[in-house]
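Q: Could you walk me through this model, one feature at a time?

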Amino acid sequence: MILVSACLLGLNTKYDGKANADSLMHKYSPLGKFIPVCPEQLGGLPTPREPVEIINGTGQEVLLGQCSARGERGEEVTSQFIRGAYEVLKLVEMVSITAAILKERSPSCGVNYIYDGSFAHRKIPGQGVTSALLKQYNIPIYSEEELTEEKLIELLGDDTIR
Ligand code: SF4
């Protein structure tokens, strides 16, 4: 089974109550091998909610208690982000998860980049909080932006139908 950011599968879990539906995810979701998760919802945040960025750091540093996740108006949501990441980890341990496909640049799900905390759409290298935790547990993580169809078919296994 493959863990997928719920918004990539068309679920309206984004901060603005919308989705980030991805055509490749949509094409292969009928195989029944994707498990949708939204760590921010699992951490107890509402939808819609304020946009959040990690301030002065990355997901790894949030997990180490070295920086915080805050909404655009300054409200701290670090504990909800960490709780959501550990809820996702529970799911990984509950079912046989072999990889995760996560939304690039999200403060929870970003795989290679996140925003820099200025709320000015400036990206920096680094992972979101959930991605950083999954990486610590050696779960292979991919962003929807880097994932090719060939790679997805490889992840899905031999019984994939194009
Ligand atoms: Fe999508 Fe992840 Fe943001 Fe939830 S936390 S809306 S799954 S990018």
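A: Gladly. Two strands pair if DSSP finds at least two bridges between them. Strands (E, at least two residues) and helices (H or I, at least four residues) are DSSP runs, numbered from the N terminus. In E5, Ala100 is the bridge partner of Leu3. This is a predicted model, where local features need pLDDT of at least 70, side-chain atom pairs count only at pLDDT 80 or more, and totals for chains, interfaces and linings use all residues. Residues are numbered from 1 along each chain as its sequence is written, and side-chain values use heavy atoms, with hydrogens and water left out.

Q: In which sense do E1 and E5 pair, and over how many bridges?
A: Strand E1 (residues 2–5) and E5 are parallel, with three bridges. E5 is also joined by three bridges to strand E8 (residues 141–143), again in parallel. There, Ala100 has Ile141 as its bridge partner in E8.

Q: Are the faces of strand E5 covered or open?
A: Buried means under 20% relative accessible area, exposed over 50%, and partly exposed in between (1.4 Å probe, protein chains only). In E5 (residues 99–102), Ala99 and Ile101 on one side and Ala100 and Leu102 on the other are all buried.

Q: How many residues of helix H5 are buried?
A: An α-helix has 3.6 residues a turn, so residues three or four places apart point the same way. In H5 (residues 129–136), six of the eight residues are buried, namely Val129, Thr130, Ser131, Ala132, Leu133 and Leu134. Just after H5, Asn138 has a positive phi of about 60°.

Q: What lines the largest cavity?
A: On a 1 Å grid over the protein atoms alone, a cavity is a set of points where a 1.4 Å probe fits but cannot get out, and a pocket is an open set with protein on both sides within 12 Å along at least five of seven lines; lining residues have an atom within 4 Å of a point. Points are joined across faces, edges and corners, and a volume is the space filled by probe spheres set on them. The whole structure has one cavity of 30 Å³ or more, and the largest cavity holds about 30 Å³. Its lining consists of Val52, Glu53, Ile54, Arg105, Ser106, Pro107, Ile114 and Tyr115. Strands E3 (52–55) and E6 (113–115) are the elements that give two or more residues to this lining, with the largest share, three residues, coming from E3.

Q: Which residues come nearest to the ligand?
A: A residue is near a molecule if one of its heavy atoms lies within 4 Å of it. Of the 14 residues around the ligand, the nearest are Cys7, Thr13, Cys38, Glu40 and Cys109.
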